[in-house]
Number of protein chains: 2
Amino acid sequence: MNETPKGSRLHVAIFGRRNAGKSSLINALTNQDIALVSDVPGTTTDPVYKAMEILPVGPVMIIDTAGIDDSGELGSMRVERTRQVLNKTDLAILVIDPAAGVAQPETELAAAIRERSISMVAVVSKADLHAPEPMAITPWEEKLGVPVLPVSSHTRQGIEDLKRRMIQAAPEHWEGQPVIGDLLRPGDTVVLVVPIDLAAPKGRLILPQVQTIRDVLDYDAYCVVTKERELRVALANLKQLPRIVVTDSQEFSKVAADTPPEVWLTSFSILMARHKGDLDTLAAGAKAIESLQPGDSVLIAEGCTHHQQADDIGKVKIPRWLRQAVGGDLDFHWTTGGDFPSDLSRYRLIVHCGACMLNRREMLYRLSIAREKGVPIVNYGVLIAFVHGILPRALKPFPSAGMAFET
Amino acid sequence: MNETPKGSRLHVAIFGRRNAGKSSLINALTNQDIALVSDVPGTTTDPVYKAMEILPVGPVMIIDTAGIDDSGELGSMRVERTRQVLNKTDLAILVIDPAAGVAQPETELAAAIRERSISMVAVVSKADLHAPEPMAITPWEEKLGVPVLPVSSHTRQGIEDLKRRMIQAAPEHWEGQPVIGDLLRPGDTVVLVVPIDLAAPKGRLILPQVQTIRDVLDYDAYCVVTKERELRVALANLKQLPRIVVTDSQEFSKVAADTPPEVWLTSFSILMARHKGDLDTLAAGAKAIESLQPGDSVLIAEGCTHHQQADDIGKVKIPRWLRQAVGGDLDFHWTTGGDFPSDLSRYRLIVHCGACMLNRREMLYRLSIAREKGVPIVNYGVLIAFVHGILPRALKPFPSAGMAFET
């Protein structure tokens with residue numbers, strides 16, 4: 001209920017051979033400080049995600065992977081699975097089995113981790129049973145390129161040291177930009193426009209709205225939260241104009257009409273795009289809609305499998321808007337969840353959701369492969385603002401993204 | 001993430017013999033409309049809770065119980081377990097096995113349901129295999145006192161009828177009072193004071209805060225959300241004073257000083273107490289603190305097992321405040337979760353949490369047994385307001401509760 005959102009947790013992937021002691025290590029890390037929040041069971045080939053609190057590291061998503069030495073399945077499947085995990089890993093822990101040491105599975109994995117510039121911490125497990133000689137560890141450290149810490153999940157030897165190394169190794173900006181706080185001065189007023197439609201679950205607000213309210217408070221500003229219908233009343237009751245108005249994308253036009261032109265106006269989707277990824281890339285992608293031709297292939301990528309609405313944004317509204325913009329039909333393809341194709345060459349445009357269920361590392365990965373293949377990529381919020389002709393206004397608080405769109 | 005809170009779901013308990021087809025019926029009810037939100041596995045003797053969306057009934061908490069004919073365990077355990085389920089049941093569905101008909105297990109259960117004035121719907125399952133004769137059904141209906149609907153989870157015969165009956169049978173006020181909406185006029189301003197302390201999970205707001213924001217919007221008003229530190233700035237920027245200020249209980253004193261005396265001021269805990277239960281009973285309970293003597297037994301009841309804080313409200317702060325109020329030590333006892341003792345006779349006061357994880361039916365049950373035994377009961381919010389001398393002000397928006405406290 002009061003959980004830290006999945007996307008705001010440091011994603012820690014645990015790698016090692018079968019029986020290297022990965023599960024015991026996870027238990028030792030959370031022992032006595034445990035707050036096991038959820039446990040999504042996977043199959044033997046799928047990694048298991050565990051939302052946990054490791055004190056003092058903080059809220060993490062542990063990705064418990066299958067053994068890197070598991071030859072029972074097809075090698076290519078294992079490589080693909082590891083690739084998918086690495087695409088969302090902020091910090092990798094390699095657990096070395098003292099009986100096996102560092103051999104091909106370990107060095108291959110370490111190479112894949114290094115290639116992606118992912119931080120890695122290495123431990124050798126079962127130190128209470130096989131206290132490793134420093135002479136044995138030195139060549140392992142040379143092969144892996146990182147120090148190797150002896151730990152015992154049983155006696156807890158090295159566990160607090162490991163936590164310290166995890167904190168030191170966690171990438172500095174893994175959480176990305178603040179949602180909105182860096183745009184604010186203490187005491188500023190932020191107006192948030194939250195439409196309540198049938199899709200809104202009873203008694204709740206959706207995650208980007210809650211995250212934005214929280215970020216405003218964290219940065220010593222305060223917010224006015226209103227439906228679009230009461231926006232005018234709410235603005236009229238303020239002595240000083242707000243610093244910025246943030247609206248649900250789908251109400252952008254109405255809200256733009258009610259917001260004085262000198263006040264910044266943007267959308268939750270654009271805030272989340274910046275928080276989660278790279279707004280400049282997405283803004284540049286919007287430009288590409290102008291040169292889209294009937295018949296072109298368009299990929300619509302959603303980060304989660306949500307309950308489909310009759311007038312679903314990804315399935316119905318966005319295709320309709322794009323057909324109108326292009327003046328003809330397009331060849332639409334859809335993906336959901338972890339399933340983002342590595343071959344994007346057929347697409348002339350990728351339209352991505354707000355990514356509220358993805359972490360920043362994964363969103364940056366998706367943006368990077370789009371850029372690499374030269375495929376323009378937008379998100380829902382940027383696209384909606386664009387097709388309604390209000391993108392320049394929505395990007396005003398973000399000058400570099402505005403320039404990426406104009407040029 | 002976007003779930004309807006547990007306490008705001010219609011609690012539907014499914015009863016029947018082992019193999020009566022309870023699980024198939026649950027699947028049929030959610031079939032194609034399924035949105036299985038969570039599944040807390042129980043042991044064989046514990047009921048299983050499933051948060052689901054049954055269209056068009058809405059968000060429900062299905063309580064899947066063990067067989068009412070299960071004689072493999074001690075009879076008293078089964079009775080106790082059924083009693084605990086019934087204490088939170090808004091609507092009971094009795095599934096009759098056509099091979100067994102209505103006999104002692106069914107009539108005993110129906111009597112227990114009737115005794116508690118719980119709405120009941122009865123079905124006879126497996127209608128595709130054993131199409132029951134109307135002549136067979138009539139005596140069942142007489143024994144149970146409700147119509148019996150033939151259904152088949154396999155062919156879906158009767159399933160839509162059952163959903164209609166569920167909607168008709170759901171008690172009208174099972175959700176209780178609005179959180180705040182009935183105090184508001186359209187266009188009103190509500191100020192919500194949300195302290196951000198270490199206990200607040202990153203990126204989130206706590207549930208009563210989110211529910212209050214949502215209720216304000218649902219009733220066509222709007223809110224200003226601020227930390228206690230920015231409250232003065234936020235109030236100063238309003239042309240018209242707000243209708244009401246709602247604060248976290250622990251900041252009541254500071255917020256009371258900053259809120260003009262002519263503006264209503266209450267706490268999230270008091271709003272939730274009214275939403276979930278009966279504020280008048282809790283306000284009357286606060287009076288009893290005045291006559292508490294050193295050495296008296298006090299029960300502190302929490303609805304969930306949350307992460308303990310160093311300065312935990314239930315474990316540390318409330319005992320400290322009560323000792324100060326009484327001028328001596330007290331004999332404190334604690335309960336958490338579903339574990340509310342049925343024997344309350346030893347206690348001179350019960351202090352209950354805000355019940356954010358309990359449904360209204362269960363909270364009303366707890367209040368009713370306290371009243372029955374003549375044991376005064378307060379909740380955290382009412383107690384905090386009382387010990388800080390501000391309860392009369394916090395109850396001003398609620399005249400009948402104010403009178404219950406004064407007399």
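T89(A) lies in the loop that connects α2 (75-86) to β5 (91-96) of chain A, where helices (H or I, at least four residues) and strands (E, at least two) are DSSP runs numbered from the N terminus. The model is a predicted one, in which local features need pLDDT of at least 70 and side-chain atom pairs count only at pLDDT 80 or more, whereas totals for chains, interfaces and linings use all residues. Residues are numbered from 1 along each chain as its sequence is written, chains are lettered from A and ligands numbered from 1 in the order in which they are written, and side-chain values use heavy atoms, with hydrogens and water left out.

With a relative accessibility of 0%, T89(A) counts as buried; here buried means under 20% relative accessible area, exposed over 50%, and partly exposed in between, with a 1.4 Å probe and protein chains only. The side chain of T89(A) reaches the backbone oxygen of V85(A) at 2.7 Å. Apart from neighbours within four places in sequence, T89(A) is in contact with H11(A), A13(A), I63(A), I118(A) and R361(A), contact meaning heavy atoms within 4.5 Å.

N19(A), found in the loop between β1 (10-16) and α1 (22-30) of chain A, has a phi near 75°, a positive value in a residue other than glycine, and N19(A) counts as exposed at 67% relative accessibility. In chain B, R156(B) is placed in the loop between β7 (148-150) and α5 (159-169); phi of R156(B) is near 70°, again a positive value in a residue other than glycine, and R156(B) is partly exposed, with a relative accessible area of 23%.

Taken as a whole, chain A has 15 helices and 15 strands, and 57% of its 407 residues count as buried. Among the contacts in chain A between residues at least 6 apart in sequence, 75% join residues at least 24 apart. The accessible surface of chain A comes to about 16700 Å², with 51% belonging to carbon and sulfur atoms, by the Shrake-Rupley method with a 1.4 Å probe, in which for residues only the protein chains shown count as cover.

Chain A can be laid on chain B with an RMSD of 0.1 Å by a turn of 180° and a shift of 0.2 Å along the axis, the copies being superposed by least squares on the C-alpha atoms of residues with pLDDT of at least 70 in both. The two copies are therefore related as by a two-fold rotation axis. In chain A the C-alpha nearest this axis belongs to V224(A), at 2.2 Å from it, and the same surface serves both copies, since 100% of the contact residues of chain A recur in chain B.

Between the chains, 49 residues of chain A are in contact with 51 residues of chain B. The area buried between them is about 4500 Å², of which carbon and sulfur atoms give 57%; this is the accessible area (1.4 Å probe) that two parts lose on being put together, summed over both. Four salt bridges are found across the interface, each a side-chain nitrogen of Lys or Arg within 4 Å of a carboxyl oxygen of Asp or Glu. K227(B) forms a salt bridge with D220(A), the closest N and O atoms being 2.7 Å apart. On the side of chain A that touches chain B, the elements giving two or more residues are α6 (207-218), β9 (222-226) and α7 (231-236), and α6(A) gives the most, with seven residues.

Conventions
A polar contact is a pair of N or O atoms within 3.5 Å; within protein, one must be able to donate a hydrogen and the other to accept it, and residues adjacent in sequence count only if both atoms are side-chain atoms.
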